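Please read the following note alongside the model. It takes up one topic per numbered point.

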Amino acid sequence: MPEVARFLVLAGALLVLAGVALWAMPHLPWLGRLPGDIRIERPGFRLYVPVTSCLLVSLALGLLLRLLRR
């Protein structure tokens with residue numbers, strides 16, 4: 001039973017973090033428009049690959065999780 005409770009707490013924490021991230025996105029206009037993000041727009045076609053933004057978010061989350069583990 002403790003495993004289920006732990007899973008539910010972690011799932012809830014992840015949902016809260018996702019909600020905060022979605023809420024903060026309009027306040028971070030530079031995220032998604034960094035150098036290295038690939039954007040191709042043509043009539044009838046749009047391709048967007050946020051390479052640099054994903055690396056930056058991954059680095060920030062990795063550092064945050066590392067700090068929380070200590």
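1. Helix 1 gives the largest share of the lining of the largest pocket, nine residues, where helices (H or I, at least four residues) and strands (E, at least two) are DSSP runs numbered from the N terminus. This is a predicted model, in which local features need pLDDT of at least 70, side-chain atom pairs count only at pLDDT 80 or more, and totals for chains, interfaces and linings use all residues. Residues are numbered from 1 along each chain as its sequence is written, and side-chain values use heavy atoms, with hydrogens and water left out.

2. The largest pocket holds about 600 Å³ of space (a pocket is an open set of points on a 1 Å grid over the protein atoms alone, where a 1.4 Å probe fits, with protein on both sides within 12 Å along at least five of seven lines; lining residues have an atom within 4 Å of a point). Among its 20 lining residues, Leu-17, Ala-18, Ala-21, Val-57 and Leu-61 are the closest to the centre. Helix 1 (2-24) and helix 2 (51-69) each supply at least two residues of this lining.

3. Strand 1 (residues 38-42) and strand 2 (residues 45-49) run antiparallel and are joined by five bridges (strands pair if DSSP finds at least two bridges between them). Glu-41 has Arg-46 in strand 2 as its bridge partner. The two strands form a hairpin with two residues between them, and Gly-44 in the turn has a positive phi of about 80 degrees.

Definitions and conventions: Points joined across faces, edges and corners; volume = space filled by probe spheres on them.
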